[in-house]
Amino acid sequence: MSHSLLIEEVLTRPQEVSWLPWAVQYFFFIGIATCAALFACYLHWRKSDDSASLENLTLLIALTCAITAPLALTADLHQTARVWHFYAYPTPWSWMPWGAVFLPLFTGFLGLWFVAQQITRFTDKSYRLTKWLALASALSAVGLLIYTGREVSVVQARPIWFSYAFPVAMLFSAFQAFFALLVVASHRDPRLQRRLAGGQFWMLLALALVVVIWVSSDTLSGVALRQWIGVSPSARHYAMGWVALWLFALTVCAVAMRKPLSLAWRVSLALSAMALCWLMRWTLLIQVQTVPKFNAQFNPYTLPGGTDGWLAIIGTFGLWIALLIIVREVLNGLTRRLQHG
């Protein structure tokens, strides 16, 4: 009796990632911008005498991030001119076109609110319209948060993305980074620094709780996450990076809640918090795309050095820092001119 051996050869082709580092930059900056707008709206409606300067600082962070984020998003579209298609051919049943609605509204309301706040600062005149601009900015920020989270978490072809925990984790990670930026700028008020550090501390705890529930759940996304970490060494390395940055930020926050931090420690806190926020987005948006959807192998990704790689990342952060410097110097220049008549 003869036995025949049947050999089948399976050929696979690595798939290129469709979302480039530009998308990571967008998710990073729009997260901080929307969190800053929500916090600034809370400060404005609270009407506390000591919150005006903090509101101005928060609006500065929100506006500069809100300008940087859409530029990164349009670069990720590959064909920037096709943005008008969202308006000419509306598809409201999809999440993608809603970004073309919420982004201009958010940036526009935020810009008007910022201008109104500066006029109030220079003339000591308050306007009733400002509080409604603040509310409109906050509502459009909520719309952006929902759109940004759901455009990813509805993708069933990527089981890791397919979870309501994704947008919640993105929210808490951005909020803790935003509070860290405020801690850096609060060197003149130790009491405020402790309160802001406390806010970041609780956001870090909330982030950890969401991630633990997400990874340990029996949902399609939770199972896919555990399998990815189990078979991929790079996934384990990224997970260890999350934990290390989270532990460092949480420890420094705990210290800051008890005593004022030096400039070096405040900068270290901000850098670690921003690194955690950015690394989470890089892992979930770029590295998850290396997990195969239709083939039998992992799809390797190498970060290039051009405009779709390192240059995009460095350039976007450079643009944000340049906007911070330009807007702040313009405001300082106007202040000096008014003081000297």
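A crossing of two helices is left-handed if the near helix is turned anticlockwise from the far one by less than a right angle. The views below come from a predicted model.

**View 1. Helices α7 and α10 cross with left-handed geometry.** Helix α7 spans residues 190-216, and helix α10 spans residues 263-286. Their axes come within 13 Å. The crossing angle is roughly 25°. Angles under 35 degrees count as roughly parallel, and α7 and α10 are therefore roughly parallel to each other.

**View 2. Side by side: the residues where α7 meets α10.** From α7 come Gln 193, Gln 200, Leu 204, Leu 207, Val 211 and Trp 214. They meet Arg 266, Leu 269, Ala 273, Leu 276, Met 280 and Leu 284 of α10. By class, the residues of this contact are nine nonpolar, two polar and one charged.

**View 3. Tyr 26 in the largest nonpolar core.** This core holds 101 residues. Tyr 26, Phe 106 and Phe 178 touch the most other members. Helix α1, residues 21-46, gives the most to the core, with 17 residues. Leaving aside residues up to four places away in sequence, Tyr 26 touches Ala 69, Pro 70, Ala 72, Leu 73, Leu 103, Leu 144, Tyr 147, Thr 148 and Glu 151.

**View 4. Ser 94 in the loop between α3 and α4.** Helix α3 covers 85-88, and helix α4 covers 96-123. Ser 94 has 26% relative accessibility and so counts as partly exposed. Val 83 is eleven residues from Ser 94 in sequence. In space, the two lie 15 Å apart, C-alpha to C-alpha.

Conventions: Residues numbered from 1 in each chain as written. Predicted model: local features only at pLDDT ≥ 70, side-chain atom pairs only at ≥ 80, totals over all residues. Heavy atoms only, no water. Axes fitted to C-alpha atoms, helices over the stretch in contact; angles between N-to-C directions. Helix = DSSP H or I, 4+ residues; strand = E, 2+ residues; numbered from the N terminus. Parallel < 35°, antiparallel > 145°, perpendicular 65-115°, else oblique. Contact = heavy atoms within 4.5 Å. Nonpolar A, V, L, I, M, F, W, Y, C, P; charged D, E, K, R; others polar. Core = buried A, V, L, I, M, F, W, Y, C linked by side-chain atoms within 4.5 Å. Buried < 20%, exposed > 50% of the residue type's maximum accessible area, 1.4 Å probe, protein only.
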